[in-house]
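Subject: Model for your files

Hello,

Here is the model I said I would pass on.

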Amino acid sequence: AHPGAVVAVRDGRWVATTAGQGIVGWCDQLQADAIVILAGGTRGYAPEFGGETVNALSLERIRYGARLARHSGLPVMVSGGAPKGGRPEGELMKVSLEEDFSVPVRWVESRSRDTRENADFCASVLQPSGHRRIVLVTHAAHMRRAAEAFEAAGFTVLPAPTAHLLNREPDTNILPSPPGMSSAYAGWYASHEWLGLLAYRLSR
């Protein structure tokens, strides 16, 4: 599957779509083995949650992964270590999925420090038991880099991106809207991912 594709579920069936272009074809249920949700970071100070918890980026991925898991019945793996110290992201994702979304997590990968290690460490857990065809959940801007890393690690990847940065709603304002916080965030995230993709390819 192309990293621009979107895996979604409708009426209990998998649908292959392209971001922003609607449904391009109905598919029989994809023969995936597992859903893998990648971490996006933590919030270190969250006393209302008893300490650390997932940040907004991770929560967006968790929410979509939980939706896919409920509709598909596929087992879930979460992946994320503690590159800045503290509690591993994978452990916090498991807590959120199970307590906030009532979705069980079968596997937790908690050693990775970057996307390549996400892929390699997930492979060491999943592939020995024959789990090679995965639905990969991450942000749309991160999907290209993530899909390349997981394919290089031996997986067949069915991309399931979320939180697209493009706004497809028509702009009805007469004058151009001034850039806001969302625009600044989108620019930062896109730049971060292009630099990450360049570094990943140069290091292969």
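The notes below cover a few strands, one histidine and some aromatic rings.

This is a predicted model, in which local features need pLDDT of at least 70 and side-chain atom pairs count only at pLDDT 80 or more, while totals for chains, interfaces and linings use all residues. Residues are numbered from 1 along each chain as its sequence is written, and side-chain values use heavy atoms, with hydrogens and water left out.

Strand β7 spans residues 76–79; strands are DSSP runs of E with at least two residues, helices runs of H or I with at least four, numbered from the N terminus. V76 and V78 point one way from β7, M77 and S79 the other, and all are buried (under 20% relative accessible area, 1.4 Å probe, protein chains only).

Strand β4 (residues 34–38) runs parallel to β7, joined by 4 bridges; strands pair if DSSP finds at least two bridges between them. I37 has V78 of β7 as its bridge partner. β7 also pairs in the parallel sense with β8 (residues 107–109), over 3 bridges, and M77 is partnered by W107 there.

H142 lies in helix α4 (residues 140–152). H142 counts as buried because its relative accessibility is 4%.

The structure holds 1 aromatic pair (ring centres within 6.5 Å; planes under 30 degrees apart are stacked, over 60 edge-to-face, the rest tilted). The ring centres of F150 and F155 are 5.6 Å apart and the planes are at 40°, so the pair is tilted. F150 is buried because its relative accessibility is 0%.

Regards

Conventions. Buried means under 20% relative accessible area, exposed over 50%, partly exposed in between (1.4 Å probe, protein chains only). Rings of Phe, Tyr and Trp (its six-membered ring) pair if their centres lie within 6.5 Å; planes under 30 degrees apart count as stacked, over 60 as edge-to-face and the rest as tilted.
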